[in-house]
Structure formats: structure tokens, C-alpha cells
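Please look at the sequence and the 3D structure shown below before reading the report that goes with them.

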Amino acid sequence: IAFTDRVELYLRPRKGQHHVLRMARDLIYHRTRGTGTSIEAATDFLMRVAKRPGVAFIISDFHARGYAPSLRLAAQKHDVIAVSITDPREVELPPAGLVALRDPESGAETLIDTEDRRERERYAAMAAERLLARRRLLTGLGVDEVPLRTDRSYVEPLMQFFRARAGRRVARA
């Protein structure tokens, strides 16, 4: 399920290398039509199309709002894993003078003087609080999180996640 503010692409689950290659091709060539993000639309769609419990990876920056109730329901039926993507510029601003920032979800713009150390510290503190709030929300919903950053490889965090999961499964058996 590929989504923006609405579901844009759905491929029925199938097995095999051919299907994996088709998914990769469709995702690479897909051009989004919507704006914003609706995790709620994607999880509601998941609940309608997935009749049996399964594993669902949600790849997003999780900046959207209002998705908690829908994600909670999805996590009760499915094993939902949040792959959260963070750009380092969302966490810390370099001193670059006046910078206009636009929230891609709401379109709201704000002007920040990144040469002002206090402004950068305030921005970093707000970003850290957002990340912590996201982690608390996902944990409270029973959703595992794999945090990824755009300036680092995704391979090692994913490998750590799957190793930890394999260890938990062995411990339960």
C-alpha cells in the first residue's frame, strides 16, 4: 500500500521473486498525486483488504496527525512495524542564516534565524520532544519501531531489529 493523503497504490500480497521485482518496479515508477500524509487512510485500507492477520511495515516520517486510533486497531489484528524515517535537518539546523521552513503537512511557513544559537537549540529541543512523543505513542499502541535516518545506511538498523526479533521469538518458544 503506497499512500499520501489517500491510498495511491495497492498490490495484493504474493510470494516469489517475480512479485518482489514487480513491487520494486511499481514503487520506483509510481508518481504521487496527493499531498500530505494520512496514515489513518492507509491503516483503514489495510484493515479492509487484509482478512487474515499478517505483518505490516509502515514506512513514514510519522509527522501526520490523528492516526493513533486507526493504528491501534491495525496493531491489534496485525504485527505492525513502524519504520520511521528522520532527516537530520529535522533534528538539528546548521547555522545558515535566515531560513524559511515549510511544514509539508499543513503548508504553514515560518522564518528562523539559524545563526541564533538559542533558536537552533530551541528547534533541536522541539525535535527531540517530537521523536520522544512518537516513540511513546508507537510503544503505547503496541507497534515496534525501526528508526532510520536519511544520512545513514538503513541496513544495520534493520539487521539489528530482525536479530532482536529472532531472539525474542526463540525466548518465547
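## Basis of the report

This is a predicted model, in which local features need pLDDT of at least 70 and side-chain atom pairs count only at pLDDT 80 or more, while totals for chains, interfaces and linings use all residues. Residues are numbered from 1 along each chain as its sequence is written, and side-chain values use heavy atoms, with hydrogens and water left out.

## The whole protein

The protein has five helices and seven strands, where helices (H or I, at least four residues) and strands (E, at least two) are DSSP runs numbered from the N terminus. Starting at the N terminus, the elements follow the order β-β-α-α-β-α-β-β-β-α-β-α. The C-alpha atoms fill a box of roughly 50 × 40 × 30 Å, taken along the principal axes.

Of the 173 residues, 29% are buried; buried means under 20% relative accessible area, exposed means over 50%, and partly exposed lies in between (1.4 Å probe, protein chains only).

## A sheet of three strands

An open sheet of three strands has the order β3-β4-β7, with parallel pairing, and two strands are said to pair if DSSP finds at least two bridges between them. Because β3 (55-60) and β7 (144-149) stand at the edges with a single partner strand each, one side of each is left without a neighbour in the sheet. β3 and β4 pair over six bridges, and Val55 has Asp79 in β4 as its bridge partner. Strand β4 (residues 79-86) also pairs with β7 over six bridges, and here Ile85 has Leu148 as its bridge partner.

Six of the eight residues of β4 are buried, so this strand is largely enclosed by the rest of the structure. Helix α4 (residues 117-140) lies across β4 and β7 and runs at about 175° to β4; for such angles, axes are lines fitted to C-alpha atoms, for helices over the stretch in contact, and angles run from 0 to 180 degrees between N-to-C directions.

## A buried leucine

Leu93 lies in the loop between β4 and β5 (98-102), and its relative accessible area of 9% means that Leu93 is buried. Leaving aside neighbours within four places in sequence, Leu93 is in contact (heavy atoms within 4.5 Å) with Leu101, Ile112, Thr114, Arg120 and Tyr123. Leu93 and Tyr123 are 30 residues apart in sequence, yet their C-alpha atoms are 7.6 Å apart in space.

## A nonpolar patch

Val55, Phe57, Ile59 and Phe162 make a nonpolar surface patch of about 390 Å². Patches are made of residues with over 30% relative accessible area and no salt bridge, like charges being joined within 9 Å and nonpolar side chains (Val, Leu, Ile, Met, Phe, Trp, Tyr) within 5 Å; accessible areas come from the Shrake-Rupley method with a 1.4 Å probe, and for residues only the protein chains shown count as cover. The largest share of the patch, three residues, comes from β3, whereas Phe162 lies in helix α5 (residues 155-172).

## Salt bridges

The structure holds 13 salt bridges, each being a side-chain nitrogen of Lys or Arg within 4 Å of a carboxyl oxygen of Asp or Glu. One of them joins Arg134 and Glu145, at 3.1 Å from N to O. This pair links distant parts of the chain, with Arg134 in helix α4 and Glu145 in strand β7, eleven residues apart, and both residues are buried.
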